[in-house]
Amino acid sequence: MKKNNRFFQYLKPQKVQITVTLIFCFLYVVSHLIQPILIGKALDNALVSDFTAFLIILIACFFLSLLGAISDFFFEYKVGQITQKTIRDIRKDIYHKINTVSVETLFKESDGNLVQLEIGDVENVANGMFSVLKSFVEGILSILVTILMMFLVNWILALGVLLLSPLSLFVSRFVAKFNHKYFKRQAQIQSELNRISLEAINNIDLLQTLDNQENSINQFENQGKVLRKEGKIAQFSASWTNPTTRLVNNTIYAVIGVVGIVMISFTPTYPILMMSVGSLSSFLTYTAQFSKPFNEISSVMSEFETALFSFQRIDAFLAKDDDIDEGKEDIQDISEITFEHMSFSYEKDKELIVDFNETVKRGEKVAIVGPTGAGKSTLINVLMRFYDPIEGSIRFNGVDGVSIAKKNLRKNYGMVLQETWIFSGTIMENVRYAKADASDEEVIDACKRAHADTFIQTLPDGYQTKVTAKAGLSEGERQMITIARVMLLEPDIVILDEATSNVDTRTEKLITDAFDQLLQGKTSIVIAHRLSTIKNADLILVLKDGHIIEQGNHTSLLAKRGFYYSMYSSQFQ
């Protein structure tokens, strides 16, 4: 889809609604613009004392005004409907894109920028779309009908207005083009401000623990001052549009008025210049009406510029490639994982995993160890196909992982990470997230095996207790909920990242026993920080600076007296 066509693709399904909207707009414009020519004739009739015709015209104007009011109401109502439907589709597409782009793409986007896209930019488009669509559609029809009416009243003056009007368009376009760069800068700063705010909200406990509130507030206020400064410049530059176009239009009005008076005085001598007082009154009304749409359009130029740049940001995000998944095959009951000359790096000139070869059988336990930042999560990311190998392959039951659909591969994994994830909802909903069709009995059984049932029963509403990421549960209890999810899922491969690091010693023993039962006959991959917990691992991979520098079991690695030996010794000195 071409970039400049995306917005019109959102409008395309609403062709019927747009047509109805245009009809109401046409009725409003016509009923409104017929009145000046009728009032001009009424004025001429009054001057010759034809009060019957005068009264009939006034009654006609009343009914036209009533028709115009009704049509205007439905026109604005339909514009609002079209706007909200479009915004709903845009917001849905943004959220869909967030869920379909690769993890690598999302890692490059700040949380604040994503929030700005889905909320701030969408609202800017909504505001601009309603204002601009109403002014633009109504304005175009008003201009066309007004031109027709002006020619009906006096074709000479109508030509004069048309020849002078491009001045207004030129001024409006010049100012708008000048303003664009300021609104672009304003939107960028708004995104940064959202990032600061979101990070503070998500880490408010840490801010207060470190007594860093003042620094956070100062950072927010300083960015707010920058936004205020750039916003003032953008609004000030945009504020020139309306006054300059009004100046041009008022000058045209004055010139036409003077020419019209001259034409009235010369009418007896030159019939071609025929102009009555009523006709001049009507024409001046149309002259003012002709400039009004330009003024209204220019008055919403700041909203248009904000909406335009916001949609450009949205369009750029929606244009990002979806996560590539060429895999077609399904896979179940994984019994063997084979790394064949597998190499991987995030950057071409910075090697990480190089020519890694290993086979992991069902039921074996693989531990990944190394200092902070060594790249322990990298291997997990490749296994989960968040990234694919640069060279070589990872085979599951002999099938190249690239040939397996990511969705089908990942359903064989269960993960318990150090960083827990709880969403706003009930305990039951949080555990069932791993298996949407699980019964209540299955969820409760999983919680019992994870030893979470005991504390859940003490909560006010048991399994129906509402919790959030920050409230309702302790850190250890949140971890036990995530462990219960894996218990419910019972995957072929279980990935653990110090899964018991946030629970007390007694609970850790209970959970360890539960994992021993869960992992029977299953492959487990453990990211370990406490080396005492992985003594019985079948394979230990030792990473340093992103490279696998040693591999073997606990006994063989200690015998080498290499990096693993020094790490293990340091934990018991």
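**Group meeting: a walk through a predicted model**

Leaving aside neighbours within four places in sequence, Glu-138 is in contact with Cys-25, Tyr-28, Val-29, Asp-72, Phe-75, Leu-133 and Glu-296, where contact means heavy atoms within 4.5 Å. Glu-138 has its place in helix H5, residues 111–153; helices here are DSSP runs of H or I with at least four residues, strands are runs of E with at least two, and both are numbered from the N terminus. With a relative accessible area of 8%, Glu-138 is buried, and the cut-offs are under 20% relative accessible area for buried, over 50% for exposed and partly exposed in between, using a 1.4 Å probe and protein chains only.

Before I go on, please keep in mind that this is a predicted model, in which local features need pLDDT of at least 70 and side-chain atom pairs count only at pLDDT 80 or more, while totals for chains, interfaces and linings use all residues. Residues are numbered from 1 along each chain as its sequence is written, and side-chain values use heavy atoms, with hydrogens and water left out.

Now the chain as a whole. It has 21 helices and 12 strands, and buried residues make up 45% of its 573 residues. Among the contacts with a separation of 6 or more, 78% are between residues 24 or more positions apart.

Which residues touch the most other members of the largest nonpolar core? In this core of 44 residues, they are Ile-427, Phe-515, Ile-534, Ile-540 and Tyr-564, and a nonpolar core is a set of buried Ala, Val, Leu, Ile, Met, Phe, Trp, Tyr and Cys residues joined through side-chain atoms within 4.5 Å. Helix H18 gives the largest share of this core, 7 residues. If we set aside residues up to four places away in sequence, Ile-534 touches Lys-365, Ala-367, Val-369, Val-526, Ala-528, Ile-540 and Tyr-564.

Let me stay with H18 and turn to its packing. Helix H16 (residues 440–449) and helix H18 (residues 475–489) pack at an angle of about 120 degrees, with their axes 8 Å apart; axes are lines fitted to C-alpha atoms, for helices over the stretch in contact, and angles run from 0 to 180 degrees between N-to-C directions. That angle makes H16 oblique to H18, since under 35 degrees counts as roughly parallel, over 145 as roughly antiparallel, 65 to 115 as roughly perpendicular and the rest as oblique. On the H16 side the contact is made by Glu-442, Val-443, Ala-446, Cys-447 and Arg-449, and on the H18 side by Ala-484, Met-487 and Leu-488.

Next comes Ile-548, which is found in strand S12, residues 547–552. Ile-548 is partly exposed, with a relative accessible area of 21%, and it touches Ile-353, Phe-356, Val-542 and Leu-543 when residues up to four places away in sequence are not counted. The C-alpha atoms of Ile-548 and Gly-370 are separated by 9.3 Å, although these residues lie 178 residues apart along the chain.

Finally, two loop residues. Arg-385 has a positive phi of about 60 degrees although it is not a glycine, and its place is in the loop between helix H13 (376–383) and strand S4 (391–396). Asn-397, in the loop between S4 and strand S5 (399–400), has a positive phi too, near 55 degrees, and is likewise a residue other than glycine. Are these two residues buried or exposed, or in between? Arg-385 is buried, with a relative accessible area of 4%, whereas Asn-397 is partly exposed, at 31%.
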